[in-house]
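User: Please take me through the assignments in this model, giving the criterion behind each one.

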Amino acid sequence: PMGDAPGPELHAVLDGGGWEVGATFEGSPAVPGPVRLGRNVCYVVLAVLFNEEAAVLLVQEAKPECRGRWYLPAGRMEPGEGIVAALQREVKEESGLECEPLTLLALEERGPAWIRFAFLARATGGTLKTLEEADAESLQATWCSGDPRALPLRSLDILPVLDLAARYRRSPPHPPTLPRELPCSPLCLRLLLPFSNAAGELWVLLATAGTPHLPVVACGTSPSELRAGLRLPVLRLLRDCLSGDPRPGALGLLGLQHRPGGPGGADGICFNVVLSIPAGSQRDEPPEPRDPALRWWHVGEEGLRGRILQRLRAAVPVRS
């Protein structure tokens, strides 16, 4: 029995799903303001597509600053646009192909001011854009079967994404992960924060306000915080609420939820992330929360414990 643990929410997060975001946030002294594309946040989509011969789709840039260079289909989301819809629009405009996403490969971020969603997708129709169809979006598109570095690339930052895509096709390191349509006003992170000891026992951090739930922290909208990494609100919560100096591991993305045109026209996103607090050499139990609004829940059910530990190793990488 789950008892007073957040059973449905926890299972939804482990399955890559979403959950309703409340009006209060852990570690936030005030309700964060809404985020809006083009004002205080920028979301970018990028797509990796392979054909049956394992060639990768590249487009030739038309922008004056990088005209003639090659890149993956990519571009900024527009206000009122969903993440998947933005991906499909950019691929169609730049390459002439229609597509459907298969999974997120990576979440790349420089704080709320710039977040890029890198997808693996597959072509479902359309025809490759030719030079005769060149426009302001791109000059042409091609299937590149050799080393992309043989072409003049707009930036080498696509090479790690191509490596992730190739590895995912060989042996998927995480389950397929796609956005879920659920509203969210701010930019926030729902935390799955497990602690395990040498004996294999496992605890999960819970927030106790109202019904026990996974803690949710919101990103600030001040100019300095908009340029800080997504880890900032997580670290703030842990340092303020846990004794000692907890040093969590890297963020891993389990899922995300976004609905265009949310409350008040907001473009918020809730990221479900997993990270762990490494056990100290002498620590058999997790550090006691200083804040009574937080507590640790001991995971006694073996199957659930195994799922949580497995998801620690099988999440979409978050690159800062």
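Analyst: Helices (H or I, at least four residues) and strands (E, at least two residues) are DSSP runs, numbered from the N terminus. The model is predicted, with local features requiring pLDDT of at least 70 and side-chain atom pairs pLDDT 80 or more, while totals for chains, interfaces and linings use all residues. Residues are numbered from 1 along each chain as its sequence is written, and side-chain values use heavy atoms, without hydrogens or water.

User: In which sense do E1 and E6 pair, and over how many bridges?

Analyst: Strand E1 (residues 43-49) and strand E6 (residues 115-126) pair in the parallel sense over seven bridges. One of the contacts joins Ala47 to its bridge partner in E6, Phe119.

User: What is the strand order in the open sheet of three strands?

Analyst: The order is E3-E2-E7, and the pairing is antiparallel. Strand E3 (70-71) and strand E7 (140-144) are the edge strands, since each pairs on one side only. Strand E2 (residues 56-60) is joined to E7 by five bridges, and Val59 is opposite Ala141 in E7.

User: Why is Asp284 called exposed?

Analyst: Buried means under 20% relative accessible area, exposed over 50%, and partly exposed in between (1.4 Å probe, protein chains only). The relative accessible area of Asp284 is 54%, so Asp284 is exposed. Asp284 lies in the loop between strand E13 (269-274) and strand E14 (294-298).

User: What makes Glu201, Asp284, Glu285 and Glu288 a negative surface patch?

Analyst: A patch of this kind joins like charges within 9 Å, using residues with over 30% relative accessible area and no salt bridge; Asp and Glu count as negative. Glu201, Asp284, Glu285 and Glu288 form such a negative patch.

User: What makes the contact of Asp15 and Arg307 a salt bridge?

Analyst: A salt bridge is a side-chain nitrogen of Lys or Arg within 4 Å of a carboxyl oxygen of Asp or Glu. The N to O distance between Asp15 and Arg307 is 2.5 Å, so the pair qualifies. Asp15 is exposed at a relative accessible area of 53%, and Arg307 is partly exposed at 29%.

User: Which residue forms a salt bridge with Glu108?

Analyst: Glu108 forms a salt bridge with Arg116, their closest N and O atoms being 2.7 Å apart. Glu108 has a relative accessible area of 11% and is buried; Arg116 is likewise buried, with 4%. Arg116 also forms a salt bridge with Asp157, with closest N and O atoms 3.3 Å apart. Asp157 lies in the loop between E7 and helix H3 (158-170) and Arg116 in strand E6, so the contact ties together parts 41 residues apart in sequence. Asp157 is partly exposed, at 29% relative accessibility. Elsewhere, a network of salt bridges links Glu78, Glu81, Arg89, Glu90 and Glu93.

User: Why is E8 described as largely enclosed by the rest of the structure?

Analyst: Six of the six residues of strand E8 (residues 187-192) are buried, so the strand is largely enclosed. In a regular strand the side chains alternate between the two faces of the sheet. Both faces of E8 are covered, with Leu187, Leu189 and Leu191 buried on one side and Cys188, Arg190 and Leu192 buried on the other.

User: Which strands does E8 pair with?

Analyst: E8 runs parallel to E13, to which six bridges join it, and Leu192 has Val274 as its bridge partner in E13. E8 is also joined by three bridges to strand E11 (residues 216-218), in the antiparallel sense; there Cys188 has Ala218 as its bridge partner.

Notes: Pairing = 2+ DSSP bridges. Patch = residues over 30% accessible without salt bridge, like charges linked within 9 Å, V, L, I, M, F, W, Y side chains within 5 Å. Areas by Shrake-Rupley, 256 points an atom, 1.4 Å probe, with all protein chains shown as cover. Charge placed at Lys NZ, Arg CZ, Asp CG, Glu CD.
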